[in-house]
Amino acid sequence: MLEVIDRTYLPFTADQLRPHFIADVEGQIEYYRRSAGRYHDFMSSHENTAGIPLTQARSPRQIEKDERFWTVTALKHAFDDPPRDAILAALLTEIYGTTPPVPGMNNWNECLNGQLELYFEACLPSPPTYVEWLRANLAGRQLIPYVLDAARRENARTLEGATHVDAMFLNRSNGFAWLIEAKVLSDVSYSISFDSYRNQIARNLDVMLDNTSQPGAGLETRDPQRSLFALLTPGGFKRYPSSRLYGWLMHEYENDPHSLARDLPHRTDVDWRALSKRIGWFTFDDVERIRPGSCTWPL
């Protein structure tokens with residue numbers, strides 16, 4: 001039997017993880033192997049870890065706060081459990097309510113019933129409308145001369161690369177999708193290289209609203225109108241939301257639809273009130289409560 005990558009933070013074999021990655025599958029697996037290897041080498045050579053300075057422990061014990069490990073472990077446990085649909089429906093109900101805020105779906109079972117997949121590090125290209133708008137409005141979105149110079153390269157670079165969604169549940173049968181941005185200790189990014197005012201949550205919402213995936217990429221069946229977004233964090237940050245930028249942003253986006261229009265200024269044909277209902281926040285603690293054993297680390 002193949003050994004799991006880590007008994008606590010990633011208790012799955014490489015073969016169990018491969019179906020959840022679309023691109024650079026072996027590179028993705030190797031990331032987890034290397035990180036787990038550094039962790040176990042360090043722990044095996046330090047019988048007593050009390051008092052070890054942060055400068056010595058931070059890198060080899062990165063796995064303990066690595067959102068990629070936390071996300072894969074928590075969500076794959078939920079995905080693999082036989083009552084998967086019931087587990088996911090319970091989470092979705094807590095986040096968005098009993099009726100899905102998407103057209104043509106009357107309940108969560110309708111959303112989930114079909115060929116449901118779970119992908120990690122799903123790659124969603126930046127919407128062409130945003131890239132065109134940014135190029136036309138670059139002077140008002142960027143202050144630094146050398147960045148402005150770089151934007152004028154002759155190859156007309158896109159100015160924003162693809163967004164890597166931490167996790168996505170996708171029902172290939174009906175286009176329903178649930179995009180998840182996960183954080184452990186880190187905050188959301190508050191800009192991209194060429195746009196000083198574009199935050200990471202707005203960027204996730206922007207790519208959610210279009211489907212720019214190429215045929216054969218694995219994500220082309222996603223329906224933007226049937227797509228939801230959620231932030232996933234430890235419960236403590238939801239109890240103390242002002243400790244992170246994403247706490248302020250999530251409060252605004254869920255309660256003031258006009259704030260979405262402010263942060264997605266290139267979009268003019270969006271029902272902002274409807275979009276605000278497709279945004280939610282849940283926690284690793286919620287996953288553990290609904291599916292015990294999903295998150296075995298301290299919370």
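**Rings, helices and buried residues**

Modeller: Let us start with a charge and a ring: the charged end of K76 lies 5.3 Å from the centre of the F12 ring and sits over that ring.

Biologist: What makes K76 count as sitting over the ring of F12?

Modeller: A charge sits over a ring if NZ of Lys or CZ of Arg is within 6 Å of the ring centre and within 35 degrees of the ring normal. For K76 and F12 the distance is 5.3 Å, and the charged end does sit over the ring. R68 does likewise with the ring of Y32, 5.5 Å from its centre.

Biologist: Before we go on, what kind of model is this?

Modeller: It is a predicted model, in which local features need pLDDT of at least 70 and side-chain atom pairs count only at pLDDT 80 or more, while totals for chains, interfaces and linings use all residues. Residues are numbered from 1 along each chain as its sequence is written, and side-chain values use heavy atoms, with hydrogens and water left out.

Biologist: Why is the pair of Y9 and W297 called stacked?

Modeller: Rings of Phe, Tyr and Trp (its six-membered ring) pair if their centres lie within 6.5 Å; planes under 30 degrees apart count as stacked, over 60 as edge-to-face and the rest as tilted. By this rule there are 17 aromatic pairs. For Y9 and W297 the centres are 5.9 Å apart and the planes are at 10 degrees, so the pair is stacked. Y9 is in the segment before α1 (14-17) and W297 in the segment after α14 (284-290), so this pair links distant parts of the chain, 288 residues apart. The helices (H or I, at least four residues) and strands (E, at least two) are DSSP runs, numbered from the N terminus.

Biologist: And what makes the pair of W70 and W297 tilted?

Modeller: Their planes are at 40 degrees, with 4.6 Å centre to centre, and that makes a tilted pair. W70 belongs to helix α4 (residues 67-80) and W297 to the segment after α14, so the pair ties together parts that are 227 residues apart in sequence. Ring pairs join Y9, Y39, W70, F284 and W297 into a cluster.

Biologist: How do you know that W70, W297 and Y9 are buried?

Modeller: Buried means under 20% relative accessible area, exposed over 50%, and partly exposed in between (1.4 Å probe, protein chains only). W70 has 7%, so it is buried; W297 has 4%, so it is buried; and Y9 has 9%, so it too is buried.

Biologist: Which residues is Y9 in contact with?

Modeller: Leaving aside neighbours within four places in sequence, Y9 is in contact (heavy atoms within 4.5 Å) with Y39, I63, E64, F69, W70, T73 and W297. Y9 and F69 are 60 residues apart in sequence, yet 5.9 Å apart in space, C-alpha to C-alpha.

Biologist: Why do you say that the buried residues of α2 line one face of the helix?

Modeller: In α2 (residues 25-44), the buried residues are Q28, I29, Y32, S35, A36, Y39 and F42. Seen down the axis, they fall within an arc of 165 degrees, so they line one face; the arc is that of the directions from the helix axis to the C-beta atoms. An α-helix has 3.6 residues a turn, so residues three or four places apart point the same way. The buried residues of α2 pack against α1, α3 (54-57), α4 and β1 (116-124), whereas D41 and S44 are exposed on the other side.

Biologist: What makes the span of α2 close to the expected one?

Modeller: The expected span of a helix is 1.5 Å times one less than its number of residues. With 20 residues, α2 reaches 29 Å from its first C-alpha to its last, close to the 28 Å expected.

Biologist: Which residues are buried in α7?

Modeller: In helix α7 (residues 128-136), they are Y130, V131 and L134. They fall within an arc of 100 degrees seen down the axis, so they line one face of the helix. These buried residues pack against α9 (200-208), while E132 and A136 are exposed on the other side.

Biologist: How many disulfides are there?

Modeller: A disulfide is a pair of cysteine sulfur atoms within 2.5 Å, and by this rule the count is zero. C111 has 0% relative accessibility, so it is buried, and C295 has 4%, so it is buried.

Biologist: Why is D24 called exposed?

Modeller: D24 has 55% relative accessibility, so it counts as exposed. D24 is found in the loop between α1 and α2, and its phi is near 50 degrees, a positive value in a residue other than glycine. Most residues other than glycine have a negative phi.
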